[in-house]
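Dear colleague,

Please find below the structure that I am handing over to you. My notes on what was found in it follow directly after.

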Amino acid sequence: MAEVKAYDQAAGTGRYAKASGLGGKYDNVRRFWEDQLTGIFLRPYLNELVKRKEKTMSRLRILDMGCGSGDGFDLIMAVTSKDPELYEYISQTIRPDILQEYLGVDINDTLLEQARDHFGGNPKLRFEKMDLGHGLPFTRKEEKPFDIYLSLYGTMSHFHDDTVVELLVDICKHAPDRALFVGDWLGRYSYEWQDLWHVSPEEEYFMDYRISYIYPPEERHRHDIPVFPLRLMTRQEIMDIALRAEKESGVKIRPLCFFDRSMLVGRHLATGDYNSHCPDLRLPINSLFEGYVRTDLEKLLVDYVPRRGFDHLNSFYESFFLSCNTLVEHTIAMLSGYGSDGVDTVIEPFYPEPLKEAIRTMKVVVEAAGQLRFGDARANIIETHLGYSLRKLEMELQTGTGMGHGLVGVFEIDKR
Ligand SMILES: C[S@@+](CC[C@H](N)C(=O)[O-])C[C@H]1O[C@@H](n2cnc3c(N)ncnc32)[C@H](O)[C@@H]1O
């Protein structure tokens with residue numbers, strides 16, 4: 001029967017699968033928090049680079065190192081040049097016409113195959129199998145210089161520091177006069193792995209990493225989940241690598257910015273594999289961003305458990321989580337106290353500025369959305385905005401020193 005064949009064929013493409021942002025690799029947190037936060041931090045450097053390319057009437061070339069299934073392409077092409085005004089149609093920083101080529105390289109055939117399947121129709125994209133474990137495996141003759149040498153979501157943590165130095169020295173040789181290097185590692189002091197904080201920062205430390213979070217809770221302790229080493233980093237350790245590469249290459253490697261990603265939403269908060277005290281915040285935050293799903297906001301409150309001997313980390317996390325809790329509590333109070341005169345909320349003068357701004361914003365959102373009589377304003381507008389407000393706290397209260405699941409360093413390679 002034609003119908004059966006048609007539905008079978010549609011299901012066979014994999015694009016007929018049930019979609020939910022509540023879990024999986026591309027959950028809501030990945031798309032609306034982690035990818036966006038990464039893009040917002042990269043934005044000023046991409047804007048500057050694009051302006052420079054436009055001035056010289058040249059086009060942009062991107063190398064994505066450890067590209068996996070090519071997610072870096074979507075991330076970087078979605079970065080907007082600013083937070084657009086209401087009336088503006090979103091403007092990408094890197095417009096398709098200014099891109100000359102994106103080359104994604106990875107050691108994993110399965111992921112590369114996925115990337116080719118997904119992006120196969122775009123002639124500006126190439127995916128090649130390459131091992132980056134011994135530096136950049138090509139010369140300027142084989143591949144033209146790139147404007148961005150990109151790595152995302154912890155790829156640099158696969159390598160020993162000596163290997164990253166070697167890679168950076170090769171990048172310095174390969175790059176044009178000016179280029180960006182984006183190095184993405186795992187942060188050493190994420191709350192998710194508080195059990196690992198005791199390792200001396202002098203030690204080149206690799207954690208035993210398990211991708212256990214993709215399994216349902218009852219299967220997470222299976223013994224056949226592979227374990228592999230990933231390097232945990234601080235900002236200082238990344239700076240040491242950059243300085244060594246700078247000395248060896250004789251090329252200036254200028255740090256532009258460091259940022260922590262996923263202090264509140266790291267994937268291992270859900271497993272408790274490396275800290276049995278941490279709450280599973282990722283699921284309720286996924287739920288904040290999910291349309292027509294209401295969230296139990298109490299599940300967002302964190303009871304931070306300090307670790308003896310780490311006063312500076314404890315005091316940072318205490319005040320960070322207290323700020324997040326305060327925002328959530330104010331929002332709960334606004335929802336329960338909502339009336340025809342709007343909501344009453346007291347912002348204490350000692351609150352940190354980003355918290356004050358987040359509470360003021362939530363007040364405006366609750367008051368406006370509360371007027372709506374259809375479209376589940378709580379699930380679709382208020383909770384979503386609470387998600388963005390919590391993300392704002394993560395962005396503005398952080399130190400960029402290795403307190404998140406990810407720690408990213410953005411550098412300019414400058415040969416002038
Ligand atoms: C954490 S994943 C990140 C993937 C992708 N960048 C993303 O944003 O989702 C790390 C990637 O590094 C790749 N990788 C690990 N060792 C490598 C090596 N020696 N050479 C090239 N790629 C490598 C892995 O196959 C994997 O795709």
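A nitrogen atom of the ligand lies 2.8 Å from a polar backbone atom of Gly66, a polar contact in the sense of a pair of N or O atoms within 3.5 Å. In the side chain of Asp106, an N or O atom is 2.6 Å from an oxygen atom of the ligand. For the side chain of Arg30, the corresponding distance to a ligand oxygen atom is 3.4 Å. Taken alone, the ligand exposes 590 Å², of which the protein buries 84% (Shrake-Rupley method, 1.4 Å probe).

This is a predicted model, in which local features need pLDDT of at least 70 and side-chain atom pairs count only at pLDDT 80 or more, while totals for chains, interfaces and linings use all residues. Residues are numbered from 1 along each chain as its sequence is written, and side-chain values use heavy atoms, with hydrogens and water left out.

The ligand is surrounded by 19 residues (a heavy atom within 4 Å), the closest being Gly66, Asp106, Asp131, Leu132 and Tyr153. Eight residues of this shell are nonpolar, six polar and five charged, with Gly counted as polar and Tyr as nonpolar.

As for the protein chain, its C-alpha atoms fill a box of roughly 70 × 70 × 55 Å along the principal axes.

Yours sincerely

Note on methods
A polar contact is a pair of N or O atoms within 3.5 Å; within protein, one must be able to donate a hydrogen and the other to accept it, and residues adjacent in sequence count only if both atoms are side-chain atoms.
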